[in-house]
Amino acid sequence: MPIVSNELLGRPLLKIYQDTEAFHFSIDTMLLADFVSITKRTKRICDLCSGNAPIPLYLSLRTNAKIEGVEIQENSYNLAVQSIQENHLEDQITMHLDNLIGISNKIGKNCFEVVTCNPPFFKVGDHHLNPNDKKAIARHEIMATLKDIVQEASVLLNSKGRFAMVHRPDRLLEILEVLKEHQIEPKRLRFVYPKLGSPCNHILIEGIKDGSEGGLVVLPPLIVYNEDNQWTKEVLRIYNYEEE
């Protein structure tokens, strides 16, 4: 199993271990970690579908809150634990090797201020499954569906807690319906575009549990690459590669 230790987001003191032959984090993960609302009142965060823990690691740069990650694949879980230990974050980040369905029975109900998730984007049957099972589970709703994830997030969150997710724009209407079905009112939405003039390929969405109806704010679009195929200033900021 090839394993590499990289700087996370241009921060040389923060390392992350990845299996180069398995599914590893990409820009959508980092956009979500930057997008989610974190305040001084945030005490507990849960990250579902954590993989090798890029979101918990990123969030450790934004907050001192306790962070718990949930990952079902043992290989990814082991890499997450290795990264947490490498960065001496054992007191802040805790990983759970488990199915996210029913995880609230083990880590607590109605007690998280924030839940995040970079979920599998595709329904089983919508796309060809990757012959690499590790990647298939990460990309397709094999172990948990969109409804499973939102339902569990709602149980984990306290009243007025926030759930943030990155997903595909073609599932936006379904996402809005499922959020409302589980008492999470959509409040912030941002469309992500590879380049100016290209079709949207990701959305960032955040909702509040037991939030008042209405008030959804559509934020300015996020453009990843400029006309020279270089990251835009906003993406450079997220990755901590701003020009000095």
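Student: What share of the contacts in the protein between residues at least 6 apart in sequence joins residues at least 24 apart?

Tutor: In this predicted model, 71% of those contacts join residues at least 24 apart, where a contact means heavy atoms within 4.5 Å. Residues are numbered from 1 along each chain as its sequence is written, and side-chain values use heavy atoms, with hydrogens and water left out. Because the model is predicted, local features need pLDDT of at least 70 and side-chain atom pairs count only at pLDDT 80 or more, whereas totals for chains, interfaces and linings use all residues.

Student: Why is Asp19 called buried?

Tutor: Asp19, found in strand S2 (residues 11-19), has 4% relative accessibility, and buried means under 20% relative accessible area, with exposed over 50% and partly exposed in between (1.4 Å probe, protein chains only), so Asp19 counts as buried.

Student: What makes the pairing of the Asp19 and Asn75 side chains a polar contact?

Tutor: The distance is 3.3 Å, and the term requires a pair of N or O atoms within 3.5 Å, where within protein one must be able to donate a hydrogen and the other to accept it, and residues adjacent in sequence count only if both atoms are side-chain atoms.

How values were computed:
Helices (H or I, at least four residues) and strands (E, at least two) are DSSP runs, numbered from the N terminus.
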